[in-house]
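Please keep the sequence and the 3D view at hand while reading.

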Amino acid sequence: MGLEHRRPGEFAGRSDALASSTLAGRRLFVARVGWLAVFFLTVGLFLASIPAYYEAIVSYSDSVFEPEAVRASLEGSGVSIQFYAICLLSIACVSTVVWVAVAAVIFWRRADNWMALFASLSLITFGTMSLPPSLPALADQSSAVWLPINVLALIGTVVLYIFYLLFPNGRFVPRWTRWAVVLIAAHEVFYWLFPKSIFDIATSFPLLDFAMLTTFACIAIGSQLYRFRYVSSPVERQQTKWVAFGMVAAGLGAVAFELSISGS
């Protein structure tokens with residue numbers, strides 16, 4: 001599309017938007033301190049949960065998998081439960097390290113940009129608390145940390161979804177997509193804070209839950225396609241390509257993990 005087809009002031013508006021996304025002074029200091037607090041809290045809880053997760057797998061009590069199916073599969077293949085637990089922990093830890101490392105690089109290079117900080121925080125919280133398998137089994141063993149862990153997991157899922165809708169310029173495009181945030185936040189509240197209740201449709205109405213999650217995913221993808229075609233500048237389009245590549249890679253990684261578990 002040539003410059004003659006651009007609306008007057010469009011590039012100026014984008015320049016203003018980019019300038020307003022820069023943090024400085026006290027706001028930058030508070031943002032950095034907040035990022036560090038979230039980083040140490042989530043990573044600390046993740047590390048503290050590793051022994052609890054290992055114990056849950058070894059005792060066949062891990063809720064992510066079917067105990068009887070796991071036991072029968074291991075007995076038939078001759079693989080020890082200890083080796084199985086170490087393999088699962090290794091996969092989970094490597095995956096989380098990648099998410100946290102990417103978040104740390106973004107923070108290191110663009111800590112003065114609120115959109116970059118938002119992306120970094122979403123990667124940290126989702127990668128440590130929300131990413132399958134749900135490693136923080138410590139929440140099931142200690143009621144003292146159940147609420148903070150599940151709240152962080154809730155935040156991780158919702159914030160990552162918001163990032164997909166806001167990237168790259170920090171605005172909802174189209175504007176009605178902000179209502180998708182309200183709906184997915186309600187969905188995640190019941191999933192993380194009221195598990196196995198009638199309002200947690202992941203357990204009470206699994207088909208409806210699948211339909212809703214598919215709809216949310218389609219909204220995010222459609223939003224990025226619309227933004228890419230009609231709104232984004234050439235630089236923003238290049239940024240979108242990289243984020244789209246990361247989203248696809250992350251999705252394929254999650255599918256590969258689920259398939260590896262199913263085949264165990």
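The text below goes from the overall fold to the aromatic rings, the nonpolar cores and a few loop residues.

## Basis

The model is predicted: local features need pLDDT of at least 70, side-chain atom pairs count only at pLDDT 80 or more, and totals for chains, interfaces and linings use all residues. Residues are numbered from 1 along each chain as its sequence is written, and side-chain values use heavy atoms, with hydrogens and water left out.

## Overall fold

The protein has 11 helices and 0 strands. Helices (H or I, at least four residues) and strands (E, at least two) are DSSP runs, numbered from the N terminus. In sequence order the pattern reads α-α-α-α-α-α-α-α-α-α-α.

Of the 264 residues, 38% count as buried. Buried means under 20% relative accessible area, exposed over 50%, and partly exposed in between (1.4 Å probe, protein chains only). The protein exposes about 15,100 Å², and carbon and sulfur atoms supply 71% of that area. Accessible areas come from the Shrake-Rupley method with a 1.4 Å probe; for residues, only the protein chains shown count as cover.

Among contacts (heavy atoms within 4.5 Å) between residues at least 6 apart in sequence, 72% join residues at least 24 apart.

## Aromatic rings

How many aromatic pairs does a search of the whole structure find? The search finds 12. Rings of Phe, Tyr and Trp (its six-membered ring) pair if their centres lie within 6.5 Å; planes under 30 degrees apart count as stacked, over 60 as edge-to-face and the rest as tilted.

Tyr 161 and Phe 216 form an edge-to-face pair, because their ring centres are 6.1 Å apart and their planes stand at 70°. Tyr 161 lies in helix 7 (residues 143-166) and Phe 216 in helix 10 (residues 206-230), so the pair ties together parts that are 55 residues apart in sequence. Another pair, Phe 163 and Phe 167, is tilted, with 5.3 Å from centre to centre and 55° between the planes.

Elsewhere, Trp 35, Phe 39, Phe 40 and Phe 107 are linked into a cluster by ring pairs. Arg 229 lies over the face of Tyr 230, at 5.1 Å from the ring centre. A charge sits over a ring if NZ of Lys or CZ of Arg is within 6 Å of the ring centre and within 35 degrees of the ring normal.

## Nonpolar cores

A nonpolar core is a set of buried Ala, Val, Leu, Ile, Met, Phe, Trp, Tyr and Cys residues joined through side-chain atoms within 4.5 Å. The largest core has 44 residues, and those with the most contacts inside it are Met 129, Tyr 161 and Phe 163. Two or more residues each come from helix 2 (25-58), helix 4 (81-110), helix 5 (114-130), helix 7, helix 8 (178-193) and helix 10. Helix 7 gives the largest share, 14 residues. A second, separate core of 7 residues includes Tyr 84, Ala 85, Leu 88 and Leu 89.

Most residues other than glycine have a negative phi, and most peptide bonds are trans. The peptide bond from Phe 167 to Pro 168 is cis, with omega near 5°, and the one from Val 173 to Pro 174 is also cis, with omega near -15°.

Not counting residues up to four places away in sequence, Asn 169 touches Arg 227, Val 231 and Glu 236.

## The loop between helix 8 and helix 9

Lys 196 lies in the loop between helix 8 and helix 9 (201-204). Lys 196 has a positive phi of about 65° although it is not a glycine, and it is exposed at 73% relative accessible area.

Ser 197 lies in the loop between helix 8 and helix 9 and is partly exposed, at 23%. Its side chain reaches the backbone oxygen of Phe 194 at 2.8 Å. Leaving aside neighbours within four places in sequence, Ser 197 is in contact with Thr 203 and Ser 204.

Terms used:
Polar contact = N/O pair within 3.5 Å; in protein donor to acceptor, adjacent residues only side chain to side chain.
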